[in-house]
Amino acid sequence: MISKRKIIGVFFLLASVTLILGGCGFKDIDKRFFVVAMGIDPGTRKDLIKVTLRLAIPSSKIESGEAKTELESLEAPTIAEAIRRIKSLVDKELDFGHCRVILFGKETLENGVRESTNWFLRRRDIQMVAYVGMAEPNATDVLQLKPQSERYPGNSLILSFGSEGTESSFILTEYLFDWTRRLAETGTDGFLPVVRVDKDKNSYQIDKVAFLDKQKLRLCLNATETQLFNISAKKFRKSIISVPIENVPIVLALSSVRTHIDYSKGEIPEITLRLRATGMLEESPSKFLNGNNRVIEQKIEKAFNDQVETLLYKIRDAGVDPYGFGLHYLSTYFGDHKMWERWKSAYPTIKFHVKSRIVIEETGLVE
Amino acid sequence: MLEQIKQLFDESTDLFTETLDNGYWPMEIAYFPAMCDERIKDGILIPYSYRFDPDEFRRMLHSNPKYERADNPDEWPNLLLKGYALIKLEETCYSFKSDRTLYTQPDETQLESSLQGPQSAFTEDLELNAYLLRKRYNVPTLSVEPYEKGSLSRTAIFVVYDRKLVNPSVLELLRKRLDKVNIELLQSTGQLIKELTDKNHLFFPTLLQSERPDKVAVMLSRGKVAVLINGSRFALLLPVRLFDFMHAMDDDYESFWISRFLIVMRYVAVLLTIVLPAAYIGIVSYNPEIFRIQLAFTIDGSRAGVPYPSFIEVFIMLFMIEALIEASIRLPKSVGSAATTVGGLILGQAAQQAGLVSSIMIIVTSVVAISNYVIPNHTFSQAIRLMKYWFILISMIYGVSGIAVLFFALIVYLCHLRSFGEPYLAFYGGQNDQKPQSAQRKS
């Protein structure tokens with residue numbers, strides 16, 4: 001019996017010791033200040049970084065437009081220092097557990113991106129499923145916006161990304177884990193959705209994508225190109241292909257997209273992007289081209305091929321590879337480290353062919 | 001004889017002793033009127049008095065199984081106390097079995113009620129219980145071993161098993177443990193459980209109590225041993241596994257998918273009732289990122305007015321619900337519903353509005369209380385009820401990871417438990433469970 005008591009005693013001793021050693025892990029939810037979004041901008045001086053935190057002020061009542069947030073921004077040489085300084089500005093413990101959106105200011109990305117990403121990777125409390133984006137003109141301005149439709153702090157921006165809320169073909173979703181992978185991986189480059197404040201100052205405008213190589217920002221696409229990229233690279237289903245045929249606007253709403261990439265052998269490989277998209281005609285005059293779907297399909301195919309090819313060349317000329325052609329090439333072709341050197345020298349002059357197959361599944365609920 | 005008995009039962013005024021004389025034979029008679037029933041009139045008094053025929057009376061003494069020779073004076077007090085009448089005729093003593101039984105029909109199930117299964121339950125009378133069991137398990141191999149335990153109560157015990165199916169080592173162990181039982185008043189199966197289990201401070205019951213004869217019959221067919229106690233309306237079953245405690249008889253009676261659904265739901269409920277209050281503490285105070293973001297903000301908002309840390313909040317609410325449960329057992333039925341309304345609805349609502357607890361905590365408490373009663377076995381449900389406090393303690397110190405580790409430790413502990421030598425957490429019943437099928441096929 002005595003030995004048993006001893007064991008129990010030792011157990012409680014250990015428990016209490018580790019409690020002391022554990023420090024202040026115990027912190028009630030109402031003593032925490034949740035960071036819902038975070039922005040990184042360059043500081044006023046060259047060696048400073050401006051960190052902006054959007055902090056949630058929770059309330060038990062959830063109503064549209066009632067969400068309250070507090071914005072704290074501070075300049076410091078590093079993010080870690082800035083965060084520690086911000087802690088002295090707020091009354092509760094900062095909690096990054098719900099930091100779902102990380103925005104890099106455009107200028108930061110133009111200066112170089114690796115150092116600032118590092119901090120997010122090392123912290124275990126930042127979720128790797130956080131959304132990453134580029135803020136234009138800078139992160140602070142974007143984070144300052146408080147949309148009317150916001151139900152709880154930060155919800156508007158969170159719902160814009162991913163497939164939880166709106167699913168727009170213009171919004172690309174980039175997660176922190178994928179973003180860091182793309183920064184490190186040979187043969188593929190990162191992309192970031194561009195978040196701007198809408199003209200009416202009441203919502204976010206996310207309809208562009210920015211491409212970066214391993215160092216800095218290289219290219220920004222416009223909205224139409226963004227959608228094309230979303231279809232051809234991300235196989236995004238809920239998008240449209242809009243082509244004017246004989247000056248008549250035809251819009252095909254996609255329901256499924258499949259792509260396949262082929263490489264030709266040779267000194268400079270040629271890339272064939274095969275794409276099969278099925279969908280439904282959303283905009284079309286009735287009895288267009290005598291209702292011959294195959295003809296319409298072929299005309300869409302031709303125009304679409306041209307659009308995508310132009311886009312591919314534009315991306316190639318910017319020197320980035322967000323499609324991951326290089327990675328794909330390296331993984332499918334047997335070779336040594338020289339292979340990568342060869343690819344790098346070949347990429348600027350590489351040739352693209354787009355072969356799409358458009359299938360009109362239905363023409364909608366028209367007679 | 002009478003002198004001897006009077007000496008033994010000095011001052012027991014409820015003992016009836018008399019020397020009767022019908023003019024032919026004198027007869028000494030002694031019995032407790034309170035413990036004997038009307039059979040004494042038909043069995044002794046009428047044949048002795050106005051229907052008296054010496055030859056017939058003698059024949060009756062020898063042929064009626066209720067009469068037995070009682071020559072040993074040491075046995076007399078025992079017989080009298082068991083409700084026998086003692087008579088002495090022509091220098092020989094006889095005992096006449098005339099014990100009063102209050103129970104003539106089976107009880108209704110109270111703790112383990114079933115919707116469409118049999119409604120009869122064991123009674124507090126051993127004989128009737130044995131009948132109920134024989135009626136449901138109607139084979140000649142059903143063996144009954146009688147015991148008597150308790151130095152003051154001298155409670156009769158039946159050890160019942162199917163001798164073709166029973167595991168002899170379990171039976172041997174039971175006999176050994178029964179021999180060691182040292183108790184003054186044996187009044188309920190719970191006492192016997194304490195005596196039969198080798199370790200006293202187990203967190204989980206390793207013997208199953210059941211009031212349902214159909215359940216006992218099913219268990220007998222799986223080679224288990226049942227122990228019936230006089231004066232208790234529960235049978236003890238051994239050896240058992242954890243899964244037997246989670247098994248309601250309705251599972252056997254309902255259709256396949258319904259019973260599967262109910263079983264799964266029951267295990268989910270057990271998990272909830274153990275882990276939920278602890279998880280509340282762990283998530284609210286250590287890892288709020290586990291919540292969805294909306295929920296985190298709602299809880300944050302509703303907890304804003306709560307002055308105490310989360311674990312005090314949990315203790316306040318759990319104390320209230322435990323007190324309510326305990327009170328509702330003792331309360332008279334007519335007041336019971338009023339008390340639960342006041343306790344459950346009004347108090348919970350008021351506590352939340354007063355800012356003493358958050359609104360989520362009210363939900364947590366209710367889920368815990370309801371889920372706890374999903375468990376079909378009362379003893380097990382009590383064990384689970386206690387279990388959640390360990391989890392609360394550990395989550396106060398270590399948060400969510402503590403809960404995970406303790407849950408693992410709990411499984412290890414369950415694996416270590418034995419019920420009469422059989423593993424407690426065995427998924428399949430081993431030898432014993434497979435035996436009945438093969439035995440049935442053979443016979």
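The legends below describe close-up views of a predicted model.

**View 1. Chain A as a whole.**
Chain A has 367 residues, and 47% of them count as buried. Its secondary structure comes to 11 helices and 13 strands. Along the principal axes, the C-alpha atoms of chain A fill a box of roughly 90 × 60 × 55 Å. Among contacts in chain A between residues at least 6 apart in sequence, 66% join residues at least 24 apart. Chain A exposes about 18400 Å², of which carbon and sulfur atoms supply 51%. The side chains of chain A include 53 positive and 48 negative ones, and the centres of these two sets lie 5 Å apart.

**View 2. The largest nonpolar core.**
This core holds 89 residues. The members that touch the most other members are L103(A), F204(B) and F380(B). Helix 16 of chain B, residues 378-416, gives the largest share of this core, with 12 residues. Leaving aside neighbours within four places in sequence, F380(B) is in contact with F204(B), P205(B), L242(B), F245(B), M246(B), I375(B) and Y424(B). Another core, of 43 residues, lies apart from the largest one. Its residues include L172(A), L254(A), Y323(A) and W343(A).

**View 3. Helix 7 of chain B and its buried side.**
Helix 7 of chain B runs over residues 189-196, and T189(B), L192(B), I193(B) and L196(B) are buried there. These residues are on the same side of helix 7 of chain B because they cover an arc of only 105 degrees around the axis. The elements of chain B that cover them include strand 9 (155-162), helix 6 (168-180) and strand 10 (208-210). Strand 11 (225-229) and strand 12 (235-238) of chain B are also part of this cover.

In helix 3 of chain B, which spans residues 54-63, the residues P54(B), F57(B), M60(B) and L61(B) are buried. They cover an arc of only 125 degrees around the axis, so they lie on the same side of helix 3 of chain B. These buried residues pack against helix 2 (39-48), strand 3 (67-69), strand 4 and strand 5 of chain B. The face turned away from the buried side of helix 3 of chain B carries R59(B), H62(B) and S63(B), which are exposed.

**View 4. The loop between strand 4 and strand 5 of chain B.**
E90(B) is placed in the loop between strand 4 (84-89) and strand 5 (92-97) of chain B. E91(B) lies in the loop between strand 4 and strand 5 of chain B as well. Although E90(B) is not a glycine, its phi is positive, at about 45 degrees. E91(B), also a residue other than glycine, has a positive phi near 70 degrees. With a relative accessible area of 47%, E90(B) is partly exposed. E91(B) is exposed, with a relative accessible area of 69%.

**View 5. Two cis peptide bonds.**
In chain A, E136(A) and P137(A) are joined by a cis peptide bond with omega of about 0 degrees. P137(A) lies in the loop between strand 6 (131-135) and helix 5 (139-144) of chain A. In chain B, a cis peptide bond joins L238(B) and P239(B), with omega of about -15 degrees. P239(B) is in the loop between strand 12 and helix 9 (242-245) of chain B.

**View 6. D95(A) and the residues around it.**
D95(A) lies in strand 4 of chain A, which covers residues 93-95. Is D95(A) buried or exposed? D95(A) has a relative accessible area of 6% and therefore counts as buried, since the cut-off for buried is under 20%. Not counting residues up to four places away in sequence, D95(A) touches R32(A), F33(A), F34(A) and V35(A), and also P288(B) and E289(B).

**View 7. D198(A) in a loop of chain A.**
D198(A) lies in the loop between strand 7 (191-197) and strand 8 (204-212) of chain A. Which residues does D198(A) touch, not counting residues up to four places away in sequence? They are S203(A), Y204(A) and Q205(A). D198(A) and D321(A) are 123 residues apart along the chain, and their C-alpha atoms are separated by 29 Å.

Key: Residues are numbered from 1 along each chain as its sequence is written. Chains are lettered from A and ligands numbered from 1 in the order in which they are written. This is a predicted model: local features need pLDDT of at least 70, side-chain atom pairs count only at pLDDT 80 or more; totals for chains, interfaces and linings use all residues. Side-chain values use heavy atoms; hydrogens and water are left out. Helices (H or I, at least four residues) and strands (E, at least two) are DSSP runs, numbered from the N terminus. Buried means under 20% relative accessible area, exposed over 50%, partly exposed in between (1.4 Å probe, protein chains only). Contact means heavy atoms within 4.5 Å. Accessible areas come from the Shrake-Rupley method with a 1.4 Å probe; for residues, only the protein chains shown count as cover. Lys and Arg count as positive and Asp and Glu as negative; His and the chain ends are not counted. The place of a charge is taken as NZ of Lys, CZ of Arg, CG of Asp or CD of Glu. The arc is that of the directions from the helix axis to the C-beta atoms. A nonpolar core is a set of buried Ala, Val, Leu, Ile, Met, Phe, Trp, Tyr and Cys residues joined through side-chain atoms within 4.5 Å.
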